[in-house]
Amino acid sequence: MSTAPVSPSGKPILFSGMQPSSDSLHLGNYVGALKQWVQMQEDYEAFFCVVNLHAITVPQDPEKLKASTRATAAQYIAAGIDPEKSTLFVQSQVSGHAELAWALNTITGFGEAGRMTQFKDKSQRFGADTTSVGLFTYPVLMAADILLYQAATVPVGEDQRQHVELTRDLATRFNSRFGDTFTVPVAQMPKGAAKIYDLQEPTAKMSKSADSPSGLLSLLDEPGVNKKKIMRAVTDDDGEIRFDREAKPGVSNLLTIYAELAGQSVESLESEYAGKGYGDLKKGLVEVVESVFGPIRTRTAELLADPAELDRILAGNADRANEAAQATLRTVYDRMGLISR
């Protein structure tokens, strides 16, 4: 299946997902992934996953993980992912992910896995004794996530490109050894998606792993919390509102966020705020952020207030995902000489 299959709908297949690593997604997740996914679900047979098996590669609290998994799924829906159009599901509810990952582990080289940049960075930071084997094989599980659904397209950020390259290598290797089985996927960088930086460290990507939460805008935070963070965002002493990533990273980041959420160009904002102060820009940005985050926060709260209904939606979608996953897994087992039940 090295040529990309299409779904019964005639659309190409797409897979992507995010970890439920906190109760709330942040602005970088929204701009870099969720907003793109909402648009892409119109043109693709899309599988969007809350990848909670990936979340247990590092220590976690079981009850918090359950809560953040539901909260992440709810935010997918609240941001515009339609579970009738797309297959939106929780990874652990489809056993094929873990099963295919084991099969792929057996054709992955130890050195190949060890060269993955994210593993090297985290193992150096935390030390070999506290780094799990699960974290080492994380990219193989990610490959299984993608290959299980015969996805032709994988929208990812730059930090995940290497993992998609490994996925392509494993798909090609399996196809060569056992016969055409997997689609060889292509990583798709978000077209035109702005890169969002930390409000306090505007040369570093906005991330939940930052040293301080003060530079992070979370979708579910109350308006006052995000307002305080925006008003305290780092700028400079120049006083001029203009985009210059090198000389004015803080102001440039605020302009980028504003433009992305308001659907305006940076140039139009520079004209609109010409002669005004940074305080004016920040106040305008506060309003724009709340206009986007407010409806998402409200809808997420509604979904989480009825967990039985949310679980029903996710279970139905997991059934659809499982049907596609099992079709692939049966072929994999047969070609590897494994006897399926």
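These legends accompany several close-up views of the predicted model shown above.

View 1. Let's start inside the protein. The largest nonpolar core holds 56 residues, and Leu27, Tyr30, Leu34, Tyr76 and Leu261 touch the most other members. Helix H13, spanning residues 278–304, gives the most to this core, supplying ten residues. Elsewhere there is a second, separate core of 42 residues, which includes Leu135, Phe136, Ala143 and Ala171. As background, nonpolar side chains in soluble globular proteins tend to be buried together.

**View 2. The surroundings of Leu261.** Zoom in on Leu261 and look past its neighbours within four places in sequence. Leu261 is then in contact with Leu27, Tyr30 and Val31, and also with Val288, Val289 and Val292.

**View 3. Helix H1, with a kink along its length.** Helix H1 covers residues 27–40. The buried residues of this helix are Leu27, Asn29, Tyr30, Val31, Ala33, Leu34, Gln36, Trp37 and Met40. Look for Ala33 in that set: a kink of about 30° in H1 is centred on this residue. How far apart are the end C-alpha atoms of H1? They are 19 Å apart, which agrees with the 20 Å that 14 residues should span at 1.5 Å a residue.

**View 4. Strand S2 between its two partners.** Strand S2 runs from residue 45 to 50, and five of its six residues are buried, so the strand is largely enclosed by the rest of the structure. On one side, six bridges join S2 to strand S1 (residues 13–18), and the two run parallel. Here Met18 has Val50 in S2 as its bridge partner. To get from S1 to S2 the chain passes through helix H1, making a right-handed β-α-β crossover. Strand S3 (residues 87–90) also runs parallel to S2, joined to it by four bridges.

**View 5. A closer look at strand S3.**

View 6. His54 sits in helix H2, which covers residues 52–55. With a relative accessibility of 2%, His54 falls under the 20% cut-off and therefore counts as buried. Which residues does His54 touch, not counting those up to four places away in sequence? They are Gln19, Gln91, Tyr138, Leu141, Met142 and Asp145.

**View 7. Gln150, a residue with a positive phi.** Find the loop between helix H8 (138–147) and strand S4 (153–155), and you will find Gln150. Although Gln150 is not a glycine, its phi is positive, at about 55°. The relative accessible area of Gln150 is 8%, so this residue is buried.

**View 8. Val133, an exposed residue.** Val133 belongs to helix H7, residues 133–136. Its relative accessible area is 63%, which means that Val133 is exposed. Val133 and Ala152 are 19 residues apart along the chain, and their C-alpha atoms are separated by 28 Å.

Definitions and conventions:
Residues are numbered from 1 along each chain as its sequence is written. This is a predicted model: local features need pLDDT of at least 70, side-chain atom pairs count only at pLDDT 80 or more; totals for chains, interfaces and linings use all residues. Side-chain values use heavy atoms; hydrogens and water are left out. A nonpolar core is a set of buried Ala, Val, Leu, Ile, Met, Phe, Trp, Tyr and Cys residues joined through side-chain atoms within 4.5 Å. Buried means under 20% relative accessible area, exposed over 50%, partly exposed in between (1.4 Å probe, protein chains only). Contact means heavy atoms within 4.5 Å. Two strands pair if DSSP finds at least two bridges between them. A crossover is right-handed if, with the strands pointing away from the viewer, the path from the first strand over the helix to the second runs clockwise. The expected span of a helix is 1.5 Å times one less than its number of residues. The bend at a residue is the angle between axes fitted to the seven residues ending there and the seven starting there.
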